[in-house]
Amino acid sequence: HRSLNIDMTQWHTWGVIWAPSSIIYTLDGRQWAVVTVPSEIPTVRMDLNFELRTMCALGRQCPTSPQSLLVDWATEYVAVNP
């Protein structure tokens, strides 16, 4: 779990680069997190999903107003093994 200090009222480009030895998370073309622990890297196919939550104290969800998420476009790429 990580927190980012960004203006979420602006458009951003998020990315996930999943390889057998790492998962790299990007924001606006820059890496902001990486996972390299083998036991934390899935060995089964992952899919793209969107989830919107308002987190509060003790990790509980407690929205006090309606929440929304605007997505301009989403794409999944699959590496082709030669």
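1. Let me start with Ser-22: this residue is buried, with a relative accessible area of 14% (buried is under 20%, exposed over 50%, partly exposed in between, using a 1.4 Å probe and protein chains only). Ser-22 sits in strand 2, residues 22-27 (strands are DSSP runs of E, at least two residues, and helices are runs of H or I, at least four, numbered from the N terminus). Apart from neighbours within four places in sequence, Ser-22 is in contact with Ile-17, Val-34, Val-35, Thr-36 and Ile-41 (contact means heavy atoms within 4.5 Å).

2. A word on the model before going on. It is predicted, so local features need pLDDT of at least 70 and side-chain atom pairs count only at pLDDT 80 or more, while totals for chains, interfaces and linings use all residues. Residues are numbered from 1 along each chain as its sequence is written, and side-chain values use heavy atoms, with hydrogens and water left out.

3. Now the overall layout. The chain has three strands and zero helices, running β-β-β from the N terminus. Its radius of gyration is 15 Å, well over the 12 Å that the globule rule gives for 82 residues, so the chain is more spread out than a compact globule (the radius is taken over C-alpha atoms, and the rule is 2.2 Å times the number of residues to the power 0.38). The C-alpha trace spans about 50 × 30 × 20 Å along its principal axes. Buried residues make up 9% of the 82 in the chain.

4. On to the aromatics. The count comes to two aromatic pairs (rings of Phe, Tyr and Trp, the last by its six-membered ring, pair if their centres lie within 6.5 Å; planes under 30 degrees apart are stacked, over 60 edge-to-face, the rest tilted). Trp-14 and Trp-32 have ring centres 6.3 Å apart and planes at 85 degrees, so this pair is edge-to-face. The pair links distant parts of the chain, with Trp-14 in strand 1 (residues 14-19) and Trp-32 in strand 3, 18 residues apart. Tyr-25 and Trp-32 make a tilted pair, 5.8 Å centre to centre with 45 degrees between the planes.

5. Finally, Leu-69 lies in the segment after strand 3 (30-35), and is partly exposed with a relative accessible area of 46%.
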